[in-house]
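This report goes through selected features of the structure shown below.

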Amino acid sequence: MKILVKKTDQASTKSFNVDKSADQLMVTPDADISTGQAVLLGLQHLLAMDVYVVPIIIAGMLSLPLANKMGLIQATFLAAGVGTILQTGVFMKMPVTQGASFVPLGALAGIYMAAGRGTIGMATIFGSLIVGAFFVLFLGFTRAVPKLIHKFVPSLVGGTIITNVGLSLIPSALNDNIFQASGNLNINVLLGMITAGALVFCVIISLHFPQYNRIFRLGSILIALTVGTIAAALMGQFSFKSVLTAPWFSLPKFSLTSYGLHFSLSPILTMLIIYMVLMTETTGTWFAVSAVTGTKLTTQRINRGVFGEGISCLVSALVGSTPVTGYSTNAGIISITGVASKKAFISAGVWFILFSFVGKLSALLAAIPSAVIGGVFAIICSTIMLNGLRVVSQSHFAERDLYILGIPIILTLALVLMPSSLKNEVPTFAQYLLDSPIATAAITAIVLNQLLPENSQPKLSKTAR
């Protein structure tokens, strides 16, 4: 999918056109569909999304009790719903869904640990998230994001950051969820393998039988989690007791009322870096949606989207969730289903909000064994990493690029493997960075891209060619 850039006389109307029309869409963004159709198509889109995976993973990383885990899941649904309605109907006016990103996971876990865990740890997380959201709002006001991304985060740097996101999370997927999780190690490994195998099987079926693509590709994660949970129940590792006792209606654990807010400079600076990485990720998602739907992505639309992103992240932090940004699988779901109706997407946002108050749903998701989550999470991490490498491969690779890509990878692995005793010897601010390989890799890639001259690649001789 090739993206073409077209400049016009006025910067405010500069558009990023794509070489793909909306001819293959069954339902175009501005299609006048009935309310009933919008409700059903919106529910279909929601069921194809896996926004519940991130809150389950972060709850496991922070070792949150069941009640807090349920509250985080509900808050994520609520924030995703509000953000989707705002971006689709008010700000970007494109079929864009908001969902929790994997990017902040390492940083949030580091902030939680360094702040002392418990209520103070959660308060510190949400304090830094709120400041970061206001920072994104400021960027929206200044209309600086397109220029900043063009200058500091070209495809090579963006791909390097995404690669390190996946790489840094793989140890957590395997250690925290399988090898070091509670319960019998052998059973945990078996459950992880069964779940991962079910996910791979769904992908194989979707590739061999395209007519079933909509079911097995879109529902691959949901099917894998279902298979893994059934296997866990047969092994005595899953109980419906918490689901049966959970109320049908319950409220999320709002950050202000459940944890309070605590503002600390070091975690705030760390989250500012993470939010810049998130803006890079979500801008890439916007380009993908623009390409799939044939919608012009003007700089004015991007700037409105940045402001909407700030509002979404602010709402997310206030209701007690991690940042919700433009969901990366959104464009893929549109491509497969052929549904890009803005009415359907607003309906999906309403469904998200309704689901956020269903206590039994959050209890069911929270009760899924960590080993089952780990089986899915490990594959997700690998796909994130490989998608980053695919972005890198699209740029002209010169000698300097070896260092821009390689050194952040080395640092990511070093920080993942670094003993905690060594981290504790450095100043507090440095600890936050050391606990966030993603932030460290992002800073390193951006700085190296600015310092290394672009003409550092020696010309190849004719014989070498």
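A residue is called buried when its relative accessible area is under 20%, exposed when it is over 50% and partly exposed in between, with a 1.4 Å probe and protein chains only. The model is a predicted one, in which local features need pLDDT of at least 70 and side-chain atom pairs count only at pLDDT 80 or more, while totals for chains, interfaces and linings use all residues. Residues are numbered from 1 along each chain as its sequence is written, and side-chain values use heavy atoms, with hydrogens and water left out. Helices (H or I, at least four residues) and strands (E, at least two) are DSSP runs, numbered from the N terminus.

**Positive phi in loops**

Ser63 is not a glycine, yet its phi is positive, at about 55°. The residue sits in the loop between α2 (53–61) and α3 (66–91). Ser63 is exposed, its relative accessible area being 56%. Arg143 also has a positive phi without being a glycine, here near 60°. Its place is the loop between α5 (118–142) and α6 (145–152), and Arg143 is exposed with a relative accessible area of 56%.

**A buried strand residue**

Gln98 belongs to strand β2 (residues 98–100). With a relative accessible area of 0%, Gln98 is buried. A polar atom of the Gln98 side chain lies 3.4 Å from the backbone nitrogen of Gly326. For contacts in general, the criterion is heavy atoms within 4.5 Å. Leaving aside neighbours within four places in sequence, Gln98 is in contact with residues including Met49, Ala80, Gln87, Glu309, Val324 and Tyr327.

**Helix α13**

Ile273 lies in helix α13 (residues 265–293), and Ser266 is found in that helix too. Ser266 counts as buried, at 13% relative accessibility.

| Pair | Separation in sequence | C-alpha to C-alpha distance |
|---|---|---|
| Ile273 and Ile438 | 165 residues | 9.3 Å |
| Ser266 and Ser128 | 138 residues | 9.0 Å |

Not counting residues up to four places away in sequence, Ile273 touches Leu433, Ala439 and Ile443.

What is the angle at which helix α4 and α13 pack? Helix α4 (residues 105–114) and α13 pack at about 175°, and their axes are 10 Å apart. The arrangement is therefore roughly antiparallel. Axes here are lines fitted to C-alpha atoms, for helices over the stretch in contact, and angles run from 0 to 180 degrees between N-to-C directions. Angles over 145 degrees count as roughly antiparallel, under 35 as roughly parallel, 65 to 115 as roughly perpendicular and the rest as oblique.

On the α4 side the contact is made by Ala107, Leu108 and Ile111, and on the α13 side by Pro267, Thr270, Met271 and Ile274. By class, the contact of α4 with α13 has six nonpolar residues, one polar and no charged ones.

**Confidence**

The predictor's confidence in each residue is given as pLDDT, from 0 to 100. The mean pLDDT of the protein is 81, and 89% of its residues reach 70 or more. Confidence is lowest in strand β1 (residues 15–16), with a mean of 43, and highest in α5, at 92. Over residues 1–22 pLDDT stays under 50, and the model has 45 contacts beyond four places in sequence for them. Residues 458–465 also have pLDDT below 50, and this stretch has two contacts in the model beyond near neighbours in sequence.

Notes
A polar contact is a pair of N or O atoms within 3.5 Å; within protein, one must be able to donate a hydrogen and the other to accept it, and residues adjacent in sequence count only if both atoms are side-chain atoms. Ala, Val, Leu, Ile, Met, Phe, Trp, Tyr, Cys and Pro count as nonpolar, Asp, Glu, Lys and Arg as charged, and the others, Gly among them, as polar.
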